Amino acid sequence: MRKRRIAILGSTGSIGTQTLDVVRQHPDLFEVEMISANNSSELLIKQALEFDVNNVVICNESKYKEVADALQPQGIKVFAGIGSVCDLVTSDRVDIVVASMVGFSGLAPTIAAVKAGKIIALANKETLVAAGSIVMDLAEKHHAPILPVDSEHSAIFQCLLAAQGNKLTRIHLTASGGPFRTWEKDKIAAATKAQALKHPNWDMGAKITIDSSTMMNKGFEVIEAKWLFNIAPKDINVVVHPESIIHSMVEFEDGAVLAQLGNPDMREPIQLALGFPERLPLNNKKLNFAEVAKLTFFEPDMDKFPALGLAFRSIEQGGNIPCALNAANESCVAGYLHDKIGFYDISDIAAECMAGTNFVANPTIDDIFETDKEIRAKAAELVEKIAAGKVIL
């Protein structure tokens, strides 16, 4: 395998830092051409120096001088703003773009990379939630492979490789159940952000950890699976699997089910995407079945976790409704993390915003950005009203 040059969008986040760990283990195979971050300037500087990165982007323009003063004397080029990210991912010096920016902000750079025909290692699920039809059509048009990095979608991808072209009939998307799986609903309603941020299995950033606690994250993965694998939502089954050992399964016409197993370690799907089609050695904990001892499965409780049902409803409605759900959720999670609203306010506000969305059946990319802007503002307004005690949903 020839050396591959990587652009990491969101290098200071959970996926970004683990991507860099994979690069550390294979410096002969991977070279970091470009990294970006929103606010974490100190870590961004440290990463740029360690990996001798050619281009660095700090999206928060107020931090440009700090980053530039540290890196430009070392011959590293420094840029600011999301527009610079969009420009740099199209460079001939980039082979693979790791799309790991958090939230809707990852959409524009991913589209730019797709249009440039880059290999996309997709960890930003909001890209397909908000604009799945648009992104997948562009990927086909520009011959840009999209390789999933989410552990669940990577698992499905691997199972389909083993299926040798046989068509799947159903996907079983596994979920840990998050920190509140065994809690009663009234206790969940009073859950603090500190409690919601204690995921039992995975080490992730704050936003995705909250999404896991509400199961909105799993709902978004249903939408993502629909686009990645061209399957109807009714053929996607969510099953709670607390051990997080089986990352997902695919079922075929004869009833046979293929599963992909491994310890909860995001470096495995990251490395698979970076090195595909080769499997490379990884210095990680290998699965010991005697230690695992048992694997358990449960139906998700839609009453305790209404966000999952909202995601199914949004993709069934289609058009710009999943985009609206994502925009509302991002505003609500930010509000919850700032102690402005309660746990169930997240899904309540999201439901209200979905219901009030101006429906566009076949949205353009401009429609998607407009929907995101409108619904994000509407949700933020509801968050502030609840925080001020002016409205109760």
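1. In this note, helices and strands are runs assigned by DSSP and numbered from the N terminus: a helix is H or I over at least four residues, a strand is E over at least two. The model is predicted, so local features need pLDDT of at least 70 and side-chain atom pairs count only at pLDDT 80 or more, while totals for chains, interfaces and linings use all residues. Residues are numbered from 1 along each chain as its sequence is written, and side-chain values use heavy atoms, with hydrogens and water left out.

2. The parallel sheet. Seven strands make up an open sheet, ordered β4-β3-β2-β1-β5-β6-β7, with parallel pairing; two strands count as paired if DSSP finds at least two bridges between them. At the edges lie β4 (77–80) and β7 (146–148), each of which pairs on one side only. From one strand to the next the twist averages 20°, where axes are lines fitted to C-alpha atoms (for helices, over the stretch in contact) and angles between N-to-C directions run from 0 to 180 degrees.

3. Strand β2 is joined to β3 (residues 55–58) by four bridges, and the two run parallel. Helix α5 (residues 107–115) lies across β1, β5 and β6 (119–122), and runs at about 150° to β6. In a regular strand, side chains alternate between the two faces of the sheet.

4. Helix α1. This helix covers residues 14–25, 12 residues in total, and spans 17 Å from its first C-alpha to its last, close to the 16 Å expected at 1.5 Å a residue. The expected span is 1.5 Å times one less than the number of residues. Its buried residues are Ile-15, Gly-16, Gln-18, Thr-19, Leu-20, Val-22 and Val-23. Here buried means under 20% relative accessible area, exposed means over 50%, and partly exposed lies in between (1.4 Å probe, protein chains only).

5. What covers α1. The cover over these buried residues includes the strands β1 (4–9), β2 (30–37) and β5 (96–99), together with the helices α2 (41–51) and α12 (267–275). Contact means heavy atoms within 4.5 Å. An α-helix has 3.6 residues a turn, so residues three or four places apart point the same way.

6. The mixed sheet. Another open sheet has four strands in the order β9-β8-β10-β11, with mixed pairing. Its edge strands, β9 and β11 (257–261), each pair on one side only. Neighbouring strands here are turned by 20° against each other on average, direction ignored. Helix α7 (residues 151–162) lies across β8, β10 and β11, at about 40° to β10.

7. Strand β8. Six of the eight residues of β8 (residues 168–175) are buried, so the strand is largely enclosed by the rest of the structure. With β9 (residues 236–240), β8 pairs in the parallel sense over five bridges; with β10 (residues 246–252), four bridges join it in an antiparallel arrangement. His-172 stands opposite Asn-237 in β9 and opposite Met-249 in β10. Leu-168 has Phe-252 as its bridge partner in β10.

8. Of its 21 lining residues, the closest to the centre are Glu-268, Pro-269, Arg-279, Leu-282 and Asn-284. Helix α12 gives the largest share of this lining, four residues, and α7, β11 and α12 each supply at least two. On a 1 Å grid over the protein atoms alone, a pocket is an open set of points with protein on both sides within 12 Å along at least five of seven lines; a cavity is a set where a 1.4 Å probe fits but cannot get out; lining residues have an atom within 4 Å of a point.

9. The cavity. There is one cavity of 30 Å³ or more, and the largest cavity has a volume of about 60 Å³. Grid points are joined across faces, edges and corners, and the volume is the space filled by probe spheres set on them. The lining consists of Thr-214, Lys-304, Phe-305, Pro-306, Ala-307, Phe-343, Tyr-344, Ile-346 and Ser-347. The elements giving two or more residues to this lining are α14 (306–317) and α16 (343–355), with the largest share, four residues, coming from α16.

10. Asn-329. This residue belongs to helix α15 (residues 321–337). Asn-329 counts as buried because its relative accessibility is 0%. Leaving aside neighbours within four places in sequence, Asn-329 is in contact with Lys-207, Asp-211, Met-216, Phe-220 and Ile-346.
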